[in-house]
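Visitor: I would like to go through a structure and learn what stands behind each word. Please show it first.

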Amino acid sequence: RGTALQPLFKMSYSCSKVGDPRPGQPYKGGNFCAFLPDNKEGLKTAKLLKKAFERGLTFQIKSCNGEERVTWGLIPHKTSWDGGKARNGYPDAQYLHTVGTVL
């Protein structure tokens, strides 16, 4: 196993806006961690993920049991360094290609 880039997103509590499930309602934030390989392709993907984050595309607000909370959006992220594709981890030979296509 090689080295990894590990972006950490800290989403605070806030109020939802127009387009969210219940605009104006408070929602819970959270800490979200992802993994990328520390190589040329991983760095390129990290830059694209940063742009997506800056554009508000990385996360979404979902309603769960009457409570609004931040969750991952439609862009796939590896949330574990191992466990394979089935557990959002590596190895997954197609991940960088897949996420690059989405971005």
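Visitor: Where in the chain does His77 lie?

Guide: His77 lies in the loop between strand E8 (67-72) and helix H2 (95-102). Helices (H or I, at least four residues) and strands (E, at least two) are DSSP runs, numbered from the N terminus. Residues are numbered from 1 along each chain as its sequence is written. The model is predicted, local features need pLDDT of at least 70, side-chain atom pairs count only at pLDDT 80 or more, and totals for chains, interfaces and linings use all residues, while side-chain values use heavy atoms, with hydrogens and water left out.

Visitor: Which elements does the protein chain have, and in what order do they run?

Guide: The protein chain has two helices and eight strands. From the N terminus on, they run β-β-β-β-β-β-α-β-β-α.

Visitor: Why does His77 count as buried?

Guide: Buried means under 20% relative accessible area, exposed means over 50%, and partly exposed is in between, with a 1.4 Å probe and protein chains only. His77 has 7% relative accessibility, which is under 20%, so His77 counts as buried. In the protein chain, buried residues make up 32% of the 103 residues.

Visitor: How do you know that the Thr58 side chain is within the polar limit of Phe53?

Guide: A polar atom of that side chain lies 3.2 Å from the backbone nitrogen of Phe53, and the limit is 3.5 Å.

Visitor: Is Asn88 buried, partly exposed or exposed, and why?

Guide: Asn88 has 40% relative accessibility, which is between 20% and 50%, so Asn88 counts as partly exposed. Asn88 is in the loop between E8 and H2, and its phi is near 55°, a positive value in a residue other than glycine. Most residues other than glycine have a negative phi, and most peptide bonds are trans.

Visitor: Which peptide bond is cis, with omega near 5°?

Guide: The bond from Tyr90 to Pro91 is cis. Pro91 is also placed in the loop between E8 and H2.

Visitor: What makes Lys50 exposed?

Guide: Lys50 has 53% relative accessibility, which is over 50%, so Lys50 counts as exposed. Lys50 is in helix H1. Pro7 is 43 residues from Lys50 in sequence and 9.3 Å away in space, C-alpha to C-alpha.

Visitor: Why is Thr98 called partly exposed?

Guide: Thr98 has 36% relative accessibility, between the 20% and 50% cut-offs, so Thr98 counts as partly exposed. Thr98 is found in helix H2.

Technical notes:
Polar contact = N/O pair within 3.5 Å; in protein donor to acceptor, adjacent residues only side chain to side chain.
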